[in-house]
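The sequence and structure come first.

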Amino acid sequence: MAPFGEPMRREQGCWLGWVRLPGYSRGIGQTVNKGAVATMAAETPTIVLVHGAWADATGFDAEIRALQARGFRAIGFGNPLRDLAGDATYLAELLRTLTGPIVLVGHSYGGNVISMAAIGNDQVQALVYFNGWMCDEGESQQQLLERFEGSLVGPSIRPVPFTGPDGSEGADLYLDPDAFGEAFAADVDSETAAVMAATQRPYAAAAFAAAPSGPPAWKTLPCWYLLGTQDRAIPPALQRFMAERANATIVEVAASHVSFVSQPEAATQLILQAVEATSRSQP
């Protein structure tokens, strides 16, 4: 749990109450020991990891453990996977509750979410992408996939219709369990891939089809990109196109779409590289 506390619940736009943890003297919103807290925040960023479609934050287990062992606060964000604008707003609201600098990490669709959520937030110092989408304003994932051949995701998708609370109809997209390993996690052992397929989070078709409505943050923030050269979901050539367009620092790994699962050390080191580079640049 966060050392400065977490909100208990939110009603009508207001946070009601805070969890006070034993051994800590400061809750969010208090001003005691402000100078010490500001100094610590300037030196130690909070790292927020955002998962993509057909996954959840537990996939970052190895990275979070490694970061925590090094003294960082790491948060595995629960990405709703409902709508790009809404998902980004949800993340942006969480970021506003944090103090000090922030490094955002996004996998796959989570890349688009961090690119939008970071807009206008001066605390965000760096963006890190694991096989991540980096769509430009008005550019959808589908449009890019049509330009770069090789993805196995399209034929593997199985839509499931649903009715929203307001009566509107939509569709959740799942990956066929029989195709999950080959299309999504080819370099993960078969037992783990089977569990990932069984626990996959549904990805709303509205989120898949959405495009950023404004200039993404990767146009103004330093970026790092972990490129999986064996990815069969987002073709490596497409990953390279997006990363080079954003002037990102690229690290290639012989990995599937879930590089952060199969190559956790490389993923962690890339985060640390971004932290070190942006920390040095702070006044």
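## Basis

Contact means heavy atoms within 4.5 Å. Helices are DSSP runs (H or I, at least four residues), numbered from the N terminus. The model is predicted, so local features need pLDDT of at least 70 and side-chain atom pairs count only at pLDDT 80 or more, while totals for chains, interfaces and linings use all residues. Residues are numbered from 1 along each chain as its sequence is written, and side-chain values use heavy atoms, with hydrogens and water left out.

## Helices α7 and α8

In α7, Pro 177, Phe 180, Gly 181 and Phe 184 meet Ala 193, Met 196 and Ala 197 of α8. The contact residues divide into 6 nonpolar, 1 polar and no charged. Here Ala, Val, Leu, Ile, Met, Phe, Trp, Tyr, Cys and Pro count as nonpolar, Asp, Glu, Lys and Arg as charged, and the others, Gly among them, as polar.

The axes of α7 (residues 177–184) and α8 (residues 190–198) come within 9 Å and cross at roughly 120°. Axes are lines fitted to C-alpha atoms over the stretch in contact, and angles run from 0 to 180 degrees between N-to-C directions. The two helices are therefore oblique to each other; angles under 35 degrees count as roughly parallel, over 145 as roughly antiparallel, 65 to 115 as roughly perpendicular and the rest as oblique.

## Helices α3 and α4

Helix α3 (residues 84–95) packs on helix α4 (residues 109–117) at about 60°, with the axes 8 Å apart. That makes α3 oblique to α4. The contact involves residues including Leu 84, Asp 87 and Leu 91 of α3 and Tyr 109, Asn 112 and Met 116 of α4. By class, the contact has 11 nonpolar, 1 polar and 1 charged residues.

## Cavities and pocket

On a 1 Å grid over the protein atoms alone, a cavity is a set of points where a 1.4 Å probe fits but cannot get out, and a pocket is an open set with protein on both sides within 12 Å along at least five of seven lines; lining residues have an atom within 4 Å of a point. The largest cavity has a volume of about 110 Å³, a volume being the space filled by probe spheres set on the grid points, which are joined across faces, edges and corners. Its lining has 14 residues, with Trp 54, Ser 108, Trp 133, Val 153 and Ile 234 nearest the centre.

The largest pocket has a volume of about 260 Å³. Among its 17 lining residues, Asp 56, Thr 58, Gly 59, Met 196 and Val 261 are the closest to its centre.
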